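The sequence and structure are shown first, and the description follows.

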Amino acid sequence: MTTIAVIGLGTMGLGIAQTYAAAGFAVLATDAVPEARETALGRLRAGLAPRVRAGKLAQADLDAILARITVVDGPKAMGATDLAIEAVVERMPVKQSLFAALEAVVAPDAVLASNTSSLSMAAMAEGLARPERLLGLHFFNPAPVMKLVELVAHPGTGAAALDRARRLTEAAGKTVIPCPDRPGFIVNRCARPFYGEALAMLEEGRSAAEIDAAMQAAGYPLGPFGLIDLVGADINLAATESLAAAMEGHPRYHVFDALRRQVASGDLGRKTGRGFLYPD
Ligand code: NAD
């Protein structure tokens, strides 16, 4: 049976684990924080329970999804994987040392993938014994719902790894779009000015609620501040800073103080229960 490994069981990792398990794959899952490991299956069950109550998911199917996920202590227990996807904190050294640990245990043809929003895959591949099997698989939030997955090759990524990652991810019901290994890939790059203009208006005195109300009435399913609350202001700031650095301070990628202040306040959005629009 094909086995997917997921490392990092926060917002994205949990959703990615659910996505592949729901498609019938065996999933090995881990997180550096014991509490995240211990609560992972319970959080998934709680997240899916409303769908069962609404008659959209059979209880037996929920049980089968959870039964396909095995939570393990760490990367050392993930040797049996065909595709390992990391969704840990958006910091290059953390991701690189994780891939070094995975390389030591997985088969030579196992694919290693990063869910990074903004980091360079070429830089991430530096130091790997087999850089040809590293690529980006960028899921969107919430991962079980959003169709798009950006597939990112660095110059040394091999065709076999790309083909395997694409096949397994399409089998999980996703639309896989190849993207250049450029800061922000496609979607996060287009999204920066969207957030930036909203943050500029906030600094000019408009409220987050009125900006979002206008954008939603204009047809966007979520406004810019609703999206920051969903994604996490910390994750949004990390992606914005990463693009600003990579684009050498180009004004399109300006990092607004309003976003920095939001992160400093700890009101990160949905995951902390307070944000630009939360709890209202
Ligand atoms: P998160 O903070 O919700 O979760 C990260 C998890 O990784 C935490 O549970 C943490 O304990 C764990 N972790 C940290 N270091 C670890 C390590 N060395 N080994 C194992 N586990 C470790 O973060 P998130 O929002 O899920 O984001 C994860 C990644 O996905 C980031 O690279 C982010 O840029 C990317 N991403 C996020 C979103 C989003 O909307 N939040 C969307 C697409 C991509």
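The model is predicted.

**Domains**

The protein chain is divided into these two parts, domain 1 (3–179) and domain 2 (187–265). Their C-alpha centres lie 26 Å apart. Contact between the domains involves 7 residues of domain 1 and 10 residues of domain 2. On the side of domain 1 that touches domain 2, the residues divide into 1 nonpolar, 4 polar and 2 charged.

**The sheet and its helices**

An open sheet is formed by 8 strands in the order β3-β2-β1-β4-β5-β6-β7-β8, and the pairing is mixed. At the edges are β3 (69–71) and β8 (175–179), each of which pairs on one side only. On average, neighbouring strands of this sheet are turned by 25° against each other, direction ignored. Strands β1 (residues 3–7) and β2 (residues 26–30) pair in the parallel sense over 5 bridges. Within this part of the sheet, Thr3 stands opposite Ala26 in β2.

Helix α2 (residues 34–53) packs on the sheet and touches β2 and β3, its direction making about 160° with that of β3. Helix α6 (residues 159–171) lies across β4 (83–86), β5 (111–114), β6, β7 (148–152) and β8.

**Packing of α8 and α9**

Two packed helices are described by the angle between their axes and the distance between the axes. For helix α8 (residues 208–217) and helix α9 (residues 224–231), the angle is about 105° and the axes are 7 Å apart. Because angles of 65 to 115 degrees count as roughly perpendicular, α8 is roughly perpendicular to α9. The contact brings Ala208, Ile211, Asp212 and Met215 in α8 against Pro224, Phe225 and Gly226 in α9. By class, this contact of α8 with α9 has 5 nonpolar, 1 polar and 1 charged residues.

**Backbone features**

Most residues other than glycine have a negative phi, and most peptide bonds are trans.

| Cis peptide bond | Omega |
|---|---|
| Asn141 to Pro142 | about 0° |
| Tyr278 to Pro279 | near -5° |

Pro142 is placed in the loop between β6 and β7. Pro279 belongs to the segment after α11 (257–265). A further feature concerns Phe185, which has a positive phi of about 50° although it is not a glycine. Phe185 is found in the loop between β8 and α7 (187–203).

Terms used:
Residues are numbered from 1 along each chain as its sequence is written. This is a predicted model: local features need pLDDT of at least 70, side-chain atom pairs count only at pLDDT 80 or more; totals for chains, interfaces and linings use all residues. Axes are lines fitted to C-alpha atoms, for helices over the stretch in contact, and angles run from 0 to 180 degrees between N-to-C directions. Helices (H or I, at least four residues) and strands (E, at least two) are DSSP runs, numbered from the N terminus. Angles under 35 degrees count as roughly parallel, over 145 as roughly antiparallel, 65 to 115 as roughly perpendicular and the rest as oblique. Two residues are in contact if their C-beta atoms, placed from the backbone, lie within 7 Å. Ala, Val, Leu, Ile, Met, Phe, Trp, Tyr, Cys and Pro count as nonpolar, Asp, Glu, Lys and Arg as charged, and the others, Gly among them, as polar. Domain bounds come from an automatic or database domain assignment. Two strands pair if DSSP finds at least two bridges between them.
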